[in-house]
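Keep the structure open beside the text.

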Amino acid sequence: MPAAAKTTPGATAQAPAPDTAQLDPARLASAVERLFSQLRHGNPPNDISLTAASTLRRLEREGPRRLTELAAAEGVTQPAMTQLVQRLEREGLAARAADPDDGRVVLVGVTDDGRALLARRRAVRARHLAAILDELPGDDKALIAAALPALERLAR
């Protein structure tokens, strides 16, 4: 039988500090998937596809890229990425340009309209997430806030 924790009279019992060795990757993956699903419901109407959004985010974060690099990074075939980039170009969200170092190479970059679309998507999702967070107790919000730096490093 485990020994009882000693408490001072009038003190409240506190939960033990989380043990990082007990972090369950399957549980974390499941929670992230459910949260992602909830966030998707907060997407703007007539939103772009998840692959299109991911491609634009990558171009925004990493700068212009070759089609082959984009296809590999997004896990799609080169013909599929070519079609996606053509669609993004028609919508004014991406543009192709010659590589300044090698004129034979074409690079794809995000346009100002593409950046604006990503900013609108983030704002809509942030408002949706704020509504979800409002339903949580303050202690849970504090724990999530404390975990943000680690989650940001994890998402790199």
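The mean pLDDT over the chain is 86, and 87% of the residues reach at least 70. Helix α4 has the highest mean pLDDT, 96. Helix α1, residues 25–40, has the lowest, at 88. Where pLDDT is low, the predicted coordinates should not be read in detail.

Next comes the layout. The chain has 156 residues, of which 21% are buried. There are 6 helices and 2 strands. Read from the N terminus, their order is α-α-α-α-β-β-α-α. Now take the contacts with a sequence separation of 6 or more. Of these, 51% join residues 24 or more positions apart.

How do α3 and α4 cross? Their axes come within 9 Å and cross at roughly 110 degrees. An angle of 65 to 115 degrees counts as roughly perpendicular, and α3 and α4 are therefore roughly perpendicular to each other. On the α3 side, the contact uses L67, T68, L70, A71 and E74. On the α4 side, it uses Q78, M81, T82 and V85. By class, the residues of this contact are 5 nonpolar, 3 polar and 1 charged.

Helix α2 also meets α4. The axes of these two helices come within 11 Å, with a crossing angle of roughly 80 degrees. That makes α2 roughly perpendicular to α4. From α2 come T51, A52, T55 and L56. From α4 come M81, L84 and L88. This contact has 5 nonpolar and 2 polar residues, and no charged ones.

Now turn to the largest nonpolar core. It holds 18 residues. Which of them touch the most other members? They are I48, L56, M81, L88 and V108. Helices α2 (50–62), α3 (67–74), α4 (78–90) and α5 (112–134) each supply at least two residues, and so does strand β2 (102–110).

Leaving out residues up to four places away in sequence, V108 touches L59, P64, R65, L67, L70, V85, A94, A95 and R96. Beyond four places in sequence, P64 contacts L59, L107, V108 and G109. R96 is 32 residues away from P64 along the chain. Even so, the C-alpha atoms of P64 and R96 are separated by 8.6 Å.

Finally, go to helix α5 and find R121. Is R121 buried or exposed? Its relative accessible area is 4%. Buried means under 20%, so R121 is buried. What surrounds R121? Setting aside neighbours within four places in sequence, R121 is in contact with N43, P44, D47, I48, A53 and R57. Among these partners is I48, a residue already met among the core members with the most contacts to other members.

Key:
Residues are numbered from 1 along each chain as its sequence is written. This is a predicted model: local features need pLDDT of at least 70, side-chain atom pairs count only at pLDDT 80 or more; totals for chains, interfaces and linings use all residues. Side-chain values use heavy atoms; hydrogens and water are left out. A nonpolar core is a set of buried Ala, Val, Leu, Ile, Met, Phe, Trp, Tyr and Cys residues joined through side-chain atoms within 4.5 Å. Buried means under 20% relative accessible area, exposed over 50%, partly exposed in between (1.4 Å probe, protein chains only). Helices (H or I, at least four residues) and strands (E, at least two) are DSSP runs, numbered from the N terminus. Contact means heavy atoms within 4.5 Å. pLDDT is the predictor's confidence in each residue, from 0 to 100. Axes are lines fitted to C-alpha atoms, for helices over the stretch in contact, and angles run from 0 to 180 degrees between N-to-C directions. Angles under 35 degrees count as roughly parallel, over 145 as roughly antiparallel, 65 to 115 as roughly perpendicular and the rest as oblique. Ala, Val, Leu, Ile, Met, Phe, Trp, Tyr, Cys and Pro count as nonpolar, Asp, Glu, Lys and Arg as charged, and the others, Gly among them, as polar.
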